[in-house]
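These entries record what I looked up in the structure. I began with charged pairs and then turned to rings, the core and the chain as a whole.

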Amino acid sequence: MDLQTLSNLFAATLSADPNARRAAELQIRKVAHETGLIAALLQIIGSDNIDLATRQACAVWVKNRVHTTYTLDATTRRPDQALVASSDREALRNNILPLLASSPSRAISLQLASALKTVVAHDFPDRWPGLIEAIKGLLTSNDIRHVHAGCVASLEAVRAFRFRQKADILPRLITELFPTLVAIATQMLQTPPSAAQEIPTMLHLILKIYKTSIVVHLSPHQQSAESLVPWGQLLFAVINLQIPKEAVPEDEDDRERAEWWAAKKWAYGTLGRLFHRFGNPSQLPSALQNDYAAFAAHFVSVFAPEILAIYLRQVELYVAGQAWLSKKCQYQIFSFFTECIKPKSTWTLLKPHTQKLVESFVFPQLSFNSDRQALWEGDPVDYVRISVDEYESFATPVSAATTFLFSLASNRTKACFMPILGFINGVLRSNTSAPQRFGALNMTAALGPWILRHPDVVNNMEQFILQFVTPEFQSPEAYMRAIACEVLGTFVKEGLKWSSDEHLNVHFQAVAHALDDPEFPVRVQGALALTEMIILYDSVKTAVSPQVGKVIQDLLKLSDETDLDILNRSMEVMVEAFQTELLPVAAQLTARLCDSYLRLIKESMAADEAVDPDASLDTMLAAGDDDKTYAAMGVAKTIGTIVSSIDSSPEILAQVQEVIIPIITFTFKNKILDLFDNMYDLVDSLTFKLRAISPNFWPVFELTYNLFKSDAVDFLEEMLPSLDNFVSYGSDIIKARPEYQRMLLDIYTTTDRVNGCKLAESILLNLRGSVDDALQPIIVTALSQLDKADTAALHLANLEVLVNAVLYNPAAALHIMESTQAGAARVFFDTWFAAINDHAKMPRVHDKKLSILALCALLEMAPGSVPETLKEGWPGIVGGVLKIFKDLPGAIEARKALEEAEVDDDTDDILDEKILNMNEDDEDVWDEDSAYLEMLANEGARLREKSEKAEAGEVDEEEEDEDDIVEELGYISALDNVNPYTSFKQALTAFQMQNAPAYQAATTSLSIEQQTLLMEVMRIAETAGATPTA
């Protein structure tokens, strides 16, 4: 196809006529895999004679084609995926950099840059050895457009390898390109800042390149003085740069997005990353010591003090109104200050400034300022979301200021805690303005968990609340009523004790009135505070009981107005606390929640459909309405709480089930994968608690099979409990429906993992005598995997499929094994008895019980049905059973210990314990955050080592140790009510009567220990036979 025809074809994809557009798209699909198409499109993109929109459409297509198929090879591609021809690959390598340099628009540059990253990741260095020299050629050009293209290419090259654990390719790029980049940036700073965008844009790009390069590693070159000094000087210069008013927009929101301030943000962020990840010796994880200990010691002694001094100066200018700081820069400054608290070397420098920082830099962030006022008035729902949801605004100066406050309170308690509280008290006692009182109470709410753990303060907090918080419930300023509820709720959550019932009742009444407040944020805070009071105080729970219907309605209304998942916790607390009161209206309440769930996911689906499929990943993530999805998850969890709370009333639970089934069906039909976990939890809970399958639930079973065969093949673990319930409690239906049996069998035979084996076990145990046709494919599948399992858990699960087949029909199972492959039954027995004789390979109670019963089934076989290859060893079955009985009591005790430990875990308060550091000295602090980073670093090092061994073809000897077979406490089996002792006694009697010679050989070969054990087993069996089983 010639260039003109191809150009016209892509131009037609932009046509307003849908028929012309569709025809063009179909034609493009037909020629999409032709060799030379990419090369031709690159020519169109570079042609100034073709209109910009067409060139952009070609660039988008090239980017998508490269992204989806460039890295494929003949062994990894699907049949419908065509490889990118070698000539087109060569065309990309030869033309993409010149096209970037001559790109006529940012939109085209973005598409080309994305394609470049994919090509570099796949081809550099082996297939594109000239890449570095080509980028250098652009960077050293006298044409500013070429230099900019060189910066873009450098960024994409670094991005291609930024997460690569192996430090091999990226260090080479850094060594070759970074000296040129820092020279360019330093030279640009010689020009005074102006409104022109070329210099700040390039500066922004260069700093972004550096920060991107230090995500995982800091290369040896970057650690050297040759690199660290010029880059450090550049970063300091950018931060200290005074930007004239005329160089940036006057509007603050526009100024936040200006290129000059973007460059400053990356400078702050880079220095913060260098210190946090590589330059802080007291917090440096042990796994990183070898690579960075020397650098960290140098950085903390030479660079960190200078950074701190510069940041303090910037804050001083900002507080004095002599300089402006963007919100993102303020966030980075707070984050650096927080990092300086735990190391002794930086704490000693920061300590003299902390109180001033709290009063002049932290306090204004937490006060009720114009930004909060505008949000309250313009979007009260968003105000609540940002102020209440800790994950909503984690990268803001407000969140960073709060984190800084937390770190001072917990890590340097002795030096900072009482002065901070003194400042708060001073503000509140001075009868200052409402916005400042808000700030003081906001700080109090933030520090609440620590305040109630401080021995010198905790006993004064009731009086503090009465004096400074209680009056604010009547404040004319709505935001003061809201913060009063928040402070009260925080203190109650931490266990606040009242000296009198009167004081408690006063505050309960205040919170109850807040639920009817005209201002939305006050109502939300009132609901949250009431939730904590119901949990802690029985008298409040009793008082709410007659009004619980109204409270629930208020919560539902608030939830529908906000889609805040934090309110779902309040709903769950109400449902759990007032189960009896809500039982009569459980179905109506569930219906209301189901309506909310459907609304949320429909709105989420609509938002997803509105996203341009050709948009970048970042754009898609930003455009998607995750709030709706998370809120839907919360609603589903609340519905699950209702189901759990009414399981004592099967009639009502059955009604609730019928209300819930439509939302499950809707979720599965529309393939909303994010919510599958929640929906399968509901399916599992409903079918298990009712011990029956409603006729309306069978379409869910069919949907589950169809989903497994299409989009949800990776969700078998989530599906399995529900599938097991369908088999266990719907066995009569499945026995009568061969197509359902085929579905279950198909799921098992198309997956060889542990979950598939569990499903096969459920089929064989629950459908005994009804799935004879499935026995052969199950056995053939399991035999084919007998020696291929890559983990101990999978090896045992697969082995137990065959054991279950023996239990299902021993004669048929052994016959199928032998007919599948001569000697297969002997191989199976050898594998089985190796597991029986090694407790670690078959450690769980269910494993042992299953094997005992299967061995009993074998003992009861007619002698003529025993394969010739097994007859010689047949008497050894008795010894095998006795070996299991010997180990069984220990397995039962281990299971009981686990159950008791789980109960203990459930009864412990799962609180985020706030620790106070009351030490007098200023030594290094190592806290749980430090320990967490240590754990992450060690795990990263382990995974890197494992990956490197795999690349080298080495076997990881520790791999099997990691794959422990653990007891599954929640597992319920059809064998649970079978007594293995009585079963063995019956089987041994049948064995004696049917096969006397083998019985004689079996019993006479027993050792004295085994004979003693046999008598004990018989004694237990007789006792159990005389006592009815529970």
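**Entry 1: salt bridges**

I looked up glutamate 494 and found it in a salt bridge with arginine 453, with 2.9 Å between the closest N and O atoms. I take a salt bridge to be a side-chain nitrogen of Lys or Arg within 4 Å of a carboxyl oxygen of Asp or Glu. Glutamate 494 lies in the loop between α25 and α26 (501-514), and arginine 453 in the loop between α23 (434-451) and α24 (461-469), so the pair ties together parts that are 41 residues apart in sequence. Helices (H or I, at least four residues) and strands (E, at least two) are DSSP runs, numbered from the N terminus. Glutamate 494 is partly exposed at 26% relative accessibility, and arginine 453 is also partly exposed, at 24%. For these classes, buried means under 20% relative accessible area, exposed over 50%, and partly exposed in between (1.4 Å probe, protein chains only).

The model is predicted: local features need pLDDT of at least 70, side-chain atom pairs count only at pLDDT 80 or more, and totals for chains, interfaces and linings use all residues. Residues are numbered from 1 along each chain as its sequence is written, and side-chain values use heavy atoms, with hydrogens and water left out.

I next looked within helices. Glutamate 90 and arginine 93 form a salt bridge at 2.9 Å, N to O. Both belong to helix α5 (residues 86-101), three residues apart, about one turn of the helix. Glutamate 90 is partly exposed, with a relative accessible area of 38%, whereas arginine 93 counts as buried at 14%.

In helix α32 (residues 586-609), arginine 599 and glutamate 603 are four residues apart, about one helical turn. Their salt bridge has its closest N and O atoms 3.4 Å apart. Arginine 599 is partly exposed at 26% relative accessibility, and glutamate 603 is partly exposed at 31%. I followed the shared partners and noted one network of salt bridges that joins Asp560, Arg592, Arg599, Glu603 and Lys628. The search of the whole structure gave 36 salt bridges.

**Entry 2: aromatic rings**

How many aromatic pairs are there? I counted 47. Rings of Phe, Tyr and Trp (its six-membered ring) pair if their centres lie within 6.5 Å; planes under 30 degrees apart count as stacked, over 60 as edge-to-face and the rest as tilted. Tyrosine 318 and phenylalanine 361 form an edge-to-face pair, 6.2 Å centre to centre with 75° between the planes. This pair links distant parts of the chain, 43 residues apart: tyrosine 318 is in helix α15 (residues 289-319) and phenylalanine 361 in helix α18 (residues 354-366). Tyrosine 318 is partly exposed at a relative accessible area of 27%; phenylalanine 361 is buried at 2%.

Phenylalanine 368 and tyrosine 479 are stacked, 3.7 Å centre to centre with 10° between the planes. They also link distant parts of the chain, 111 residues apart, with phenylalanine 368 in the loop between α18 and α19 (370-378) and tyrosine 479 in helix α25 (residues 478-493). Both phenylalanine 368 and tyrosine 479 are buried.

I noted one aromatic cluster formed by Phe236, Tyr268, Phe275, Phe295, Phe299, Phe303, Tyr311 and Phe336.

I then looked for charges over rings (NZ of Lys or CZ of Arg within 6 Å of the ring centre and within 35 degrees of the ring normal). The charged end of arginine 255 sits over the ring of tryptophan 324, 4.6 Å from its centre. Lysine 264 lies over the face of tryptophan 261, at 5.2 Å from the ring centre.

**Entry 3: core and whole chain**

A nonpolar core is a set of buried Ala, Val, Leu, Ile, Met, Phe, Trp, Tyr and Cys residues joined through side-chain atoms within 4.5 Å. The largest one has 345 residues, of which Phe337, Trp832 and Phe984 touch the most other members. Helix α15 gives the largest share of this core, 13 residues. Beyond its neighbours within four places in sequence, phenylalanine 337 has contacts (heavy atoms within 4.5 Å) that include Leu308, Tyr311, Val315 and Phe361.

Buried residues make up 51% of its 1030 residues. Its C-alpha atoms fill a box of roughly 105 × 85 × 65 Å, taken along the principal axes.
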